[in-house]
Amino acid sequence: VSRLGSILSNEPHARPFTILFGCVVLLAIADWGRGEVFTLATAVTTLETFGTIGLVALGLGLTMMLREFDISVVGMFSMAGCIAVLTGHNPWIGLAYATGIGLAAGLVQGLIIVRLRLGSIGVTLGGLLVFAGVAYVVSENRTIAYDNIQVALAMGNRIAGIFSIRSLTAIVIFLAAALVIGMTRIGRDVIATGNDRHAAMTAGVNVDTLIVGIFGFSGMMAALSGALLSFSLASASPSGLSDVIVPAAAAAILGGVSLAGGTGRPLGIAAGVLTLGVIHAGLNAIGVPPYVDEVTMGAILLLVAIADGTYLLRRLRQTVRALKQPT
Amino acid sequence: MSIGSTGSVLVPSMPRAAAAAPAAWRRPVGLVRLAVLAALAVLALTTPGFLSEPSMLALMTTVSFIGCVAVGMTLITVSGNIMSFSLGALVGATAMIFIVAVNFGGVVFGFVAALAFGALVNAAQGLVIGLVRANPIIVSIAATALITGVAEAFAEHGTIYVAAGTSYGIFRGKVAGVPIEFLVLLAAAAVGQFILVCTNFGRNIYMLGASFAAAEIVGIRTWRTVTGVYLWAGLFAAFAGVLLAMRYDAASMTYGVGYEYDAVAAVLVGGTAIKGGEGSVTRTLIGAIVIAMVQVVLLLQGFRPEWQYLIAGLIVLAMVMLQSPGVRE
C-alpha cells in the first residue's frame, strides 16, 4: 500500500486522472442506472468542450508551469475569432492570420516580461486590454457573421461518430505537447525552470528564451481556439470576456498544474479539461439548470485553490493544537 | 519576494542581477507622467465641447461607478494581491441585492443589506486568501463563477426592477451642479486614502505588499490584514452597485461586466505598482479621471467608441512597462 501511495504521489498524472475518474463515478451514482448520463451525446458534448477550452488551458497551464500566468488568453481568444472571421473567406488564410498574430503578440509579451523584468500578470493584463480593444475596433463593436457557411458546416461534421475537426485538432496538439514535454530537452527545461529558476539557469537552461517561447505558444493556442470556435459558430463578437478564463484556469489547476510551478503535464491538463467537460455534459444530461454547472466549477476551483494554499498545513496543525489544549 | 499568496507566479520574471539603474531615472519617469498629463489637459481644453455641461456630467458619472470599484481594487493591489476578478460580478450582485432589499424593507434596509452583502462576500474571499494563502487570482476567478452562478439561479439572467412608488430621488440629484454619484466617489476615495495613510491597518497593508515575509516577522497578523483589505474593497464595490441600481431603478448581472478590468486599468494608469507595496487611492482617482478624459476627448474628436477600449488598453500596457525595475530604480 505504501508503495502504491508513493507511486501515486510521485506520478504527475495520478491526481488529475483520479479526479476525472472520481467525477465519472459520481455522475454514475447521480445517474443511478437510468442511462441518461453515459450516452453518445455526452461523449460528443465533452469532446466539444475539450475542443473549445482545451488548447487555451494547455497554453495557460504551460505558462503556469513556469510560474508565470498568461491572463491575456481571454482577449486573444476573442481578437483571434474576429480576425479569423474577417479574413477567413478562405479558412486557411483566416487561420494563418489569427494564429500568426496570436504567436507574434504572445512573443512580444514574453519579450516585454523578460527584457523589462516585469511580472507576467501586469504585462498580460495590459495585453488583454489591448487585444480586447483590437477586437472591438476590427469588429466595430458588433457581432460579425462568417461568410463561408461551408466551413461552418464542415466544423460541425462528426468524424468517427464523436469527434469533430476542433476536438481532433486539440487532441493532436495535446499529444504533440505531451511528447515534447515528456521526451525532449525542452520539456526537461520547462519542468526544471518551474521548479527552481536559479538552479535551472545555473545548469545552463536558457530561461529567457524558454519564457518567450512559452508565451508565444500560449498566444498561438488561444488564437487557434478562438478562430476555430468562431468558424464553427459562423460568427464572432468582441465581447464575452472572462467566459474562457474561468474554465481554462480551472482545467489547468484540476490537471495538476500548481501555481508554485514545476508540476503539471500536458496529459494531466487534458484530464483536467475532460473533467470539466464530463461534469458539464453529465449535469446537462441529468437535466439540471445551467447555473449548477457554473456553481460547481466555481466550487471545485475554490476547493483546489484552498488545497494548494501554502499555509493550509500550518493552519490545520494550529487548529489541531488548539483543539488538543482546551484552555 | 512574497507577493500574493503562493508568491512565485506573481513575482517579476527574474531577480536577475539588478541592473544598477541610476537613481536619476526615477525623475524622468515622473516628468514623463507630468508631461503626458499636461498634454492631455491641453488636448481636452482645446477640444470643442469638452467643458460643456453634458460632457462634464457624463465624465463625472462614468468615473463615479468605475472609480468606486477602483478605490477598492487599489487596496487589493497595494496589499500585494494583484487584482480581484470578482469585483465586476460583485457590483452586479450588490445592485440586485439592493433592489430586492429595497422592495422588501425600504431604502435604508436596501443600503444596509447591499453594503453588508458586498463587504461580507468579498471578506470571505480575503479570509480564504489570508488564512491558507490560497492564490488570490484563482480565488477571485472561482468567486466570479460562484457569484454569477448563484445570481443566475435567483434571477435567471433577467433584470429586476424597483417597485413602483419607491422614492430615493434625493440621491439622484446634484449638489452645486455636481452629481451625487461623484460626491460618493470622492467620499469613498477620501476614506480609502485615510485608511492607507493614517491608520495602522493601512501601514500594515503597505508592508504586506512590500514583503509578506517581513510583515510576518514583525508580527503582523497577515490574515487579518488581508481579510480587512477585501472587506473594504467589497464595501467600495458595493457603493458602485448601489449607485448603478439607483440610477437605473433596476439591476442585473450585466451592470458590472468588465468593471474589474476598468478598475485595475485605473489603478495602473495612476501609477500604483502591480507588484504591491506602493501606490495610493489619490493616484487611482487621477488614473480613473485620465481614462475617462481620454474617452470623452476621443468621442468629441469623432472617433468611434470602440477606439476607447484600444487606447485605454495601450495606456495601461505603457504604464505597466514604465514600472520596469530598469526604468524605475
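Nine salt bridges are counted over all chains of this predicted model. A salt bridge is a side-chain nitrogen of Lys or Arg within 4 Å of a carboxyl oxygen of Asp or Glu. The model is predicted, so local features need pLDDT of at least 70 and side-chain atom pairs count only at pLDDT 80 or more, while totals for chains, interfaces and linings use all residues. Side-chain values use heavy atoms, without hydrogens and water; residues are numbered from 1 along each chain as its sequence is written, and chains are lettered from A in the order in which they are written.

In chain A, A:Asp308 forms a salt bridge with A:Arg15, with the closest N and O atoms 3.8 Å apart. This pair links distant parts of the chain, 293 residues apart. A:Asp308 sits in the loop between helix 14 (290-307) and helix 15 (312-324) of chain A, and A:Arg15 in helix 2 (residues 14-31). Helices (H or I, at least four residues) and strands (E, at least two) are DSSP runs, numbered from the N terminus. A:Asp308 is partly exposed, at 26% relative accessibility. A:Arg15 is also partly exposed, at 37%. Here buried means under 20% relative accessible area, exposed over 50%, and partly exposed in between (1.4 Å probe, protein chains only).

The side chains of B:Arg247 and B:Glu181 meet in a salt bridge at 3.2 Å, N to O. B:Arg247 lies in helix 9 (residues 222-248) and B:Glu181 in helix 6 (residues 180-198) of chain B, so the pair ties together parts that are 66 residues apart in sequence. B:Glu181 is buried, with a relative accessible area of 4%, whereas B:Arg247 is partly exposed at 37%. In another pair, B:Glu306 bridges to B:Arg304, with the closest N and O atoms 2.6 Å apart. B:Glu306 is buried, at 2% relative accessible area. B:Arg304 is partly exposed, at 44%.

One salt bridge is counted between chain B and chain A. A:Arg314 and B:Glu216 form this kind of link, the closest N and O atoms being 3.9 Å apart. Six helices of chain B each give two or more residues to the side that touches chain A: helix 4 (107-132), helix 5 (136-155), helix 8 (212-217), helix 10 (259-269), helix 12 (306-322) and helix 13 (325-328). Helix 5 gives the most, with 12 residues. The residues on this side of chain B divide into 39 nonpolar, 12 polar and six charged. Nonpolar covers Ala, Val, Leu, Ile, Met, Phe, Trp, Tyr, Cys and Pro; charged covers Asp, Glu, Lys and Arg; the others, Gly among them, are polar.

The contact (heavy atoms within 4.5 Å) takes 57 residues from chain B and 56 residues from chain A. The area buried between the two chains is about 5000 Å². Carbon and sulfur atoms give 75% of that area. Buried area is the accessible area (1.4 Å probe) that two parts lose on being put together, summed over both.

Chain A has 15 helices and two strands. Of its 327 residues, 53% count as buried. The C-alpha trace of chain A spans about 70 × 60 × 40 Å along its principal axes. Among contacts in chain A with a separation of 6 or more, 79% come from residues 24 or more positions apart.
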